[in-house]
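Trainee: I would like to learn how to read a protein model. Could we take a few features in turn?

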Amino acid sequence: MKILYYDCFSGISGDMNLGALVDLGVPFSYLVKELDKLGLNDEFDISCERSIKNGISGTKVTVNDLNFHNHGHNHNHSYNHVHGRTYKDIVTIIKDSKISEKAKDMALHIFEEIAIAEAKIHNQAISEVHFHEVGAIDSIIDIVGAAIAISYINPDVVKCSTIEIGYGMVNSAHGMLPIPAPATAEILKNIPIRAENVPFEATTPTGAAIIKGTSSTFTDKKNFKILKIGYGIGQKDNKIMANALRVFLGELENNKRNEEDKELILECNIDDMRGEEFELLMERLLKAKALDVFYTNILMKKQRPAIKLSVICNYENKDILKNIIFNNSSTIGIREIGIDRTKLEREIIEIKSKYGFVPLKLSKYNGHIIRVKPEYDYCKAIAIENNLSLNEVYNNILYTYEKIKNENRGI
């Protein structure tokens with residue numbers, strides 16, 4: 001079981017998060033190439049460098065708004081950007097882009113968390129929300145970049161520590177506001193926080209939304225085997241502690257799971273729902289971090305045809321998912337079945353093919369590669385662009401992979 005763990009000892013912002021994930025192993029070239037698919041290249045540039053804060057070495061990623069050359073990227077400190085986009089604008093940009101469907105869904109979910117918070121604060125409908133700070137290009141890149149990077153790492157679960165939010169006041173498009181800013185506070189509801197060691201805004205709305213939209217568990221227990229550690233360096237200075245974000249890539253053996261890491265199947269039989277309702281139910285369950293959702297045709301007593309809903313989920317997420325099932329289906333009861341799943345170790349690599357760079361998913365068992373699969377969204381785009389069959393694209397990419405592997409072996 002692969003775990004991505006956020007250690008927010010000094011808070012989290014969008015740029016700190018990108019730096020940490022690149023430091024953890026996400027290739028910066030891959031991140032840039034994927035961000036190019038947003039079609040916003042004339043609005044920003046992005047750079048990456050090694051940096052040190054309070055003796056901690058890490059990666060600093062900077063996103064510059066090309067429309068505001070003189071400001072640079074410093075959206076941790078205050079919110080002087082008054083430009084921005086509506087929630088609807090951002091949804092359109094993401095949906096129309098060519099990033100992977102998994103990254104799209106994650107980015108849309110993160111922005112939805114912000115839209116819900118802003119709508120409540122300003123007493124507006126979500127569709128009417130106009131972002132200021134998080135609608136600026138740097139925040140869009142921070143959030144979509146987070147979705148791209150986390151999708152690349154492909155963890156089984158994302159966890160987070162108690163989050164340092166900082167203290168004091170922050171300047172915004174609406175004037176001076178207390179820390180945490182209203183949007184940040186709204187997003188972080190039901191999430192453990194502290195305000196102890198950072199005398200400025202340690203966690204931004206963007207950082208809070210990334211955590212809220214990706215993490216399923218909040219705990220200070222680091223009960224896993226550490227595989228990799230990444231540090232994202234922030235823009236500010238703090239004598240008390242480094243302005244940095246630490247992330248761990250960890251592994252937990254299936255037979256050593258804690259209660260919060262157990263997996264369940266939630267099941268129920270449904271024989272009186274319209275077909276269209278099943279689509280929305282599945283969408284909402286997957287959006288709420290169900291690990292898998294599927295339907296099975298069954299026969300009930302008196303040979304009545306019905307549908308069995310099966311939802312695979314983590315233990316700590318079961319109550320949210322049960323609430324969705326009860327509110328979006330006609331069932332009056334749900335079965336809970338504890339399960340153990342043996343999952344292959346997964347890794348994503350990138351190879352250069354005749355069509356350009358393409359990511360491949362490697363599945364391993366006991367350290368040996370037993371399956372190689374090119375990323376579908378990339379292959380589909382290549383097939384459409386070159387008027388080829390999907391099978392032809394797959395075969396060419398797999399041939400290239402085997403050729404590169406043999407060359408590395410000296411064959």
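Trainee: Which residue does Val293 stand opposite in S14?

Mentor: This is a predicted model, so keep that in mind throughout. To read a sheet, look for the residues that face each other on paired strands. Here Val293 stands opposite Val311 in S14. The strands S13 and S14 (residues 305-314) run antiparallel and are joined by eight bridges.

Trainee: What is the order of the strands in the open sheet of four?

Mentor: The order is S13-S14-S12-S15, and the pairing is antiparallel. Strand S13 (292-299) and strand S15 (335-339) have a single partner strand each, so they stand at the edges, with one side left without a neighbour in the sheet. From one strand to the next, the twist averages 25°.

Trainee: Which helix packs on that sheet?

Mentor: Helix H8 (residues 275-287) does, touching strand S12 (263-270), S13 and S14. The direction of H8 makes about 145° with that of S13.

Trainee: Which strands stand at the edges of the open sheet of three?

Mentor: Start with the order, S16-S17-S18, with antiparallel pairing. Strand S16 (345-353) and strand S18 (368-374) are at the edges, because each has a single partner strand. The twist here averages 30° from one strand to the next. Nine bridges join S16 to strand S17 (residues 356-365), and Glu347 has Leu362 in S17 as its bridge partner. Helix H10 (residues 376-386) packs on this sheet and touches S17 and S18.

Trainee: How much space lies in the largest pocket?

Mentor: First the general idea. Rolling a probe the size of a water molecule over the atoms shows where empty space is left. In this model, the largest pocket holds about 1,700 Å³ of space. It is lined by 50 residues, and the closest to its centre are Lys102, Asp105, Met106, Leu286 and Ala290. Helix H4 (residues 101-122) gives the largest share of the lining, eight residues.

Trainee: How many residues of the lining are nonpolar, polar and charged?

Mentor: The lining divides into 23 nonpolar, eight polar and 19 charged residues.

Trainee: Last, a single residue. Is Ala181 buried or exposed?

Mentor: Compare the relative accessible area with a cut-off: under 20% counts as buried. Ala181 has 4%, so it is buried. Ala181 is in the loop between strand S7 (175-178) and helix H6 (182-187).

Trainee: Which residues is Ala181 in contact with, leaving aside its neighbours within four places in sequence?

Mentor: Ala181 is in contact with Val170 and Glu201. As for distance, Ala181 and Asn171 are 10 residues apart in sequence and 9.3 Å apart in space, C-alpha to C-alpha.

Key: Residues numbered from 1 in each chain as written. Predicted model: local features only at pLDDT ≥ 70, side-chain atom pairs only at ≥ 80, totals over all residues. Heavy atoms only, no water. Pairing = 2+ DSSP bridges. Helix = DSSP H or I, 4+ residues; strand = E, 2+ residues; numbered from the N terminus. Axes fitted to C-alpha atoms, helices over the stretch in contact; angles between N-to-C directions. Contact = heavy atoms within 4.5 Å. 1 Å grid on protein atoms, 1.4 Å probe; cavity = no way out; pocket = protein on both sides within 12 Å on 5 of 7 lines; lining within 4 Å. Points joined across faces, edges and corners; volume = space filled by probe spheres on them. Nonpolar A, V, L, I, M, F, W, Y, C, P; charged D, E, K, R; others polar. Buried < 20%, exposed > 50% of the residue type's maximum accessible area, 1.4 Å probe, protein only.
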